[in-house]
Amino acid sequence: MKNNGTNSDHTIVLPGDPVGVETVTKVRREEALVKAGALQDAIFNSANFSSIATDAKGVIQIFNIGAERMLGYTATEVVNKITPADISDPQEMIPRAKALSVELGTRITPGFEALVFKASRGIEDIYELTYIRKDGSRFPAVVSVTALRDEQDTIIGYLLIGTDNTARKQAEEALLKAGALQSAIFNSANFSSIATDAKGVIQIFNVGAERMLGYTADDVVNQITPADISDPQEVIARAKALSVELGTPITPGFEALVFKASRGIEDIYELTYIRKDGSRFPAVVSVTALRDADDAIIGYLLIGTDNTARKHAEEALLKAGALQNAIFNSANFSSIATDAKGVIQIFNVGAERMLGYRAADVMNKITPADISDPQEVIARAKALSVELETPIAPGFEALVFKASRGIEDIYELTYIRKDGSRFPAVVSVTALRDAQGGIIGYLLIGTDNTARKQIEAEQLQLGQRLRDHQFYTRSLFEANIDALMTTDPAGIITDINKPMEALTGCTRDELIGAPFKNYFTDPDRAEAGIKLVLSKKKVTNYELTARDRDAKETEVSYNATTFYDRDRRLQGVFAAARDITDRKRVDEKLKLYSDKLERSNRELQDFAQVASHDLQEPLRKILSFGDRLKTNAGEALDETSHDYLERMCNAAARMQTLINDLMAFSRVEIKGQAFVPTDLGVIAREVSADLEARIEQAGGRVEIGELPIIDADPMQMRQLLQNLIGNSLKYFRAGVPPIVRLYSEKPLLRHESLGEGGPPRQFCEIVVTDNGIGFDEKYLDRIFTVFQRLHKKGEYEGTGVGLAICRKIVDRHNGTITARSSPGQGSTFVVTLPIIQAGEVKVL
């Protein structure tokens with residue numbers, strides 16, 4: 001008797017016994033499932049798959065060691081007792097039954113019927129569900145269901161082949177969290193990743209797609225759709241089936257491949273892909289609609305896997321004799337079969353490809369121990385000796401000891417290729433037995449574990465980089481002197497730093513999860529600040545008053561911006577609150593000083609006006625009486641008296657000029673007019689005309705180039721240009737006629753906006769050059785100061801106020817003035833003025 005979930009191998013039937021006939025039929029059905037030779041028995045006993053066979057009513061008849069390992073039950077606990085529905089998540093079967101009822105237009109009962117309904121109708125069915133182990137724990141599984149039929153095509157049972165999907169689920173989650181899933185899939189040769197635009201034209205064709213289909217990306221991108229590389233008859237059949245299923249006409253072609261995904265329905269299906277060379281292979285395709293921020297479809301992503309191996313495996317399990325051929329001809333597995341002593345008898349093409357030996361090199365010559373790392377084999381023998389409390393010799397015995405005792409055995413070791421190179425392998429070992437249960441050999445199925453090892457190493461590196469990045473980010477966050485915090489879009493605090501704890505007097509645990517507005521004297525204004533950031537994406541210098549738990553208030557400047565995840569979904573607000581208490585105190589003091597200074601300036605200006613007005617009257621009398629004295633008594637005066645009279649009149653005239661210049665200087669602010677568009681070229685020509693007599697007297701000339709139109713006070717621009725041109729005409733070199741050039745440089749862009757968020761302002765440069773006496777640039781600041789002169793009194797006319805007036809006019813126009821010169825080399829004065837003023841200028 002075999003205890004593999006089957007009935008006895010020997011049954012006696014009496015003639016005319018209907019029960020006996022039914023028993024015989026049942027035994028024959030079981031024999032059809034299990035008598036596929038030693039290799040098929042090895043697969044059924046493999047720990048990599050749960051193979052569960054039922055009768056037509058769903059009662060379990062076969063429960064292999066893979067199922068025992070995955071689910072924790074022994075075969076005797078379930079065979080002839082329960083159905084696969086009893087080990088499946090009942091909450092998942094209810095929605096599956098509902099979904100199938102809608103999809104197939106017939107009522108389907110939750111339970112075993114929901115697990116096999118499609119298979120019972122001849123529809124291929126692969127699905128995911130959660131299996132429940134004997135101890136109550138759960139794991140995700142991918143299950144393939146096939147109906148088992150007799151020679152008359154009557155269903156005699158079902159075969160459910162399951163694989164534990166835990167590792168893949170965990171890997172996907174880990175890769176997603178590390179931000180590497182997209183890169184892993186698109187750069188993987190195991191998946192064909194094909195992305196299209198909304199119309200289906202291929203935009204991305206990854207290396208996996210190139211390997212599977214034989215096209216290069218250049219062959220297909222922007223040229224064809226996935227429908228062009230799919231079996232057209234299957235596409236037509238799919239369009240018809242979907243049209244019936246969904247009650248709407250669907251056109252054969254790309255629409256049929258993505259219709260469900262375009263409606264937000266999860267879609268995984270099988271179809272045949274056609275390679276560039278015309279060959280075909282079955283694929284499982286997962287389709288996802290790609291959407292923009294507004295949820296509009298911008299394309300589709302079709303991720304496909306080559307389904308050939310699974311197809312072969314299923315056919316082999318159902319068709320005795322085909323399984324051995326499928327596995328032994330697979331290049332993805334090294335299948336090595338030995339005799340009872342370990343000498344290799346079969347060495348498939350996968351083993352040849354992985355290990356570099358030809359079958360003839362190893363068959364009847366060596367054991368698998370001879371191609372394994374000897375140090376690992378020795379270590380394995382020691383570990384097993386301790387574990388099983390029996391001495392185990394290093395060598396082939398260490399590789400198959402567990403399997404020889406009927407213990408499931410999957411282990412990792414290093415295989416050594418013919419060229420001496422090494423690679424990690426995962427090896428599953430099964431003892432091959434004859435009809436009497438005697439061991440006739442061993443089957444070692446190996447897979448190259450290099451890729452998984454690399455992925456594990458990459459995951460470790462990614463995890464470390466992620467931890468390093470988090471530590472670095474946290475360090476920056478904590479090192480900031482400002483109080484930093486993040487909130488969700490509703491204003492609930494999600495993270496803070498130490499200065500935020502100090503500002504509020506609350507701990508981190510107290511702050512996180514609390515409303516941001518609660519820690520300010522004006523909660524409504526604080527909440528409005530969050531809303532302002534969400535609407536404008538950024539807010540600067542938004543002032544609030546923070547209040548800690550002891551009622552201490554702190555003035556803060558709130559600066560914030562929104563932040564998003566990698567898919568541009570809003571996550572919340574990042575805010576910084578800077579203590580501006582000291583700055584506010586300084587600002588208040590500065591305002592007081594500014595007010596005092598403004599009053600003082602106004603008083604000085606008033607004093608200058610009054611003083612200059614009061615001084616004008618006695619000066620006019622001095623000049624008037626001096627002129628009368630010259631006229632009436634000039635001839636009667638002696639030479640000395642006449643000299644005194646002349647000096648007195650000259651002094652009074654100079655005094656009057658000084659007073660007039662002082663008045664002009666003070667009137668720059670007092671008598672200034674509103675800024676209007678002013679053509680500097682017109683004003684320059686008018687000034688030149690006014691100075692015509694002076695220009696002719698000096699024998700010089702004034703050359704006027706292109707000058708701009710700017711916002712300015714026209715009268716003050718006239719005074720500015722007159723002073724600059726007059727200054728150049730005054731300080732000319734003896735014997736050298738003065739030449740004055742006046743022109744403008746091209747507009748300049750400066751990063752001074754007209755308002756928050758506005759464009760950069762444009763400035764112009766007005767240049768006045770001459771060929772006069774020049775000056776030493778160390779006196780540059782001095783020449784723009786009132787009453788400061790670089791020459792002796794009487795050497796050149798003037799009072800030293802002209803250039804000071806120029807500076808004051810330029811200051812009022814929000815510009816700058818400077819000069820370049822050297823003695824005897826002439827001078828160049830450069831005035832920089834905004835072309836458009838920032839706003840209204842107050843006229844005093």
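This is a predicted model: local features need pLDDT of at least 70, side-chain atom pairs count only at pLDDT 80 or more; totals for chains, interfaces and linings use all residues.
Residues are numbered from 1 along each chain as its sequence is written, and side-chain values use heavy atoms, with hydrogens and water left out.

Helix H11 (residues 232–246) packs on helix H12 (residues 254–262) at an angle of about 35°, with the axes 8 Å apart. Helices (H or I, at least four residues) and strands (E, at least two) are DSSP runs, numbered from the N terminus; axes are lines fitted to C-alpha atoms, for helices over the stretch in contact, and angles run from 0 to 180 degrees between N-to-C directions. In contact (heavy atoms within 4.5 Å), H11 contributes Val235, Arg238, Ala239, Leu242, Glu245 and Leu246, and H12 contributes Ala256, Leu257, Phe259 and Lys260.

For helix H17 (residues 374–388) and helix H18 (residues 396–404), the axes come within 8 Å and cross at roughly 35°. Val377, Arg380, Ala381, Leu384, Glu387 and Leu388 of H17 meet Ala398, Leu399, Phe401 and Lys402 of H18.

Five strands form an open sheet in the order E17-E16-E20-E19-E18, with antiparallel pairing (strands pair if DSSP finds at least two bridges between them). Strands E17 (493–496) and E18 (538–547) are the edges, each pairing on one side only. The twist from one strand to the next averages 30°. Strand E16 (residues 483–487) is joined to E17 by three antiparallel bridges, and Thr487 has Ile493 in E17 as its bridge partner.
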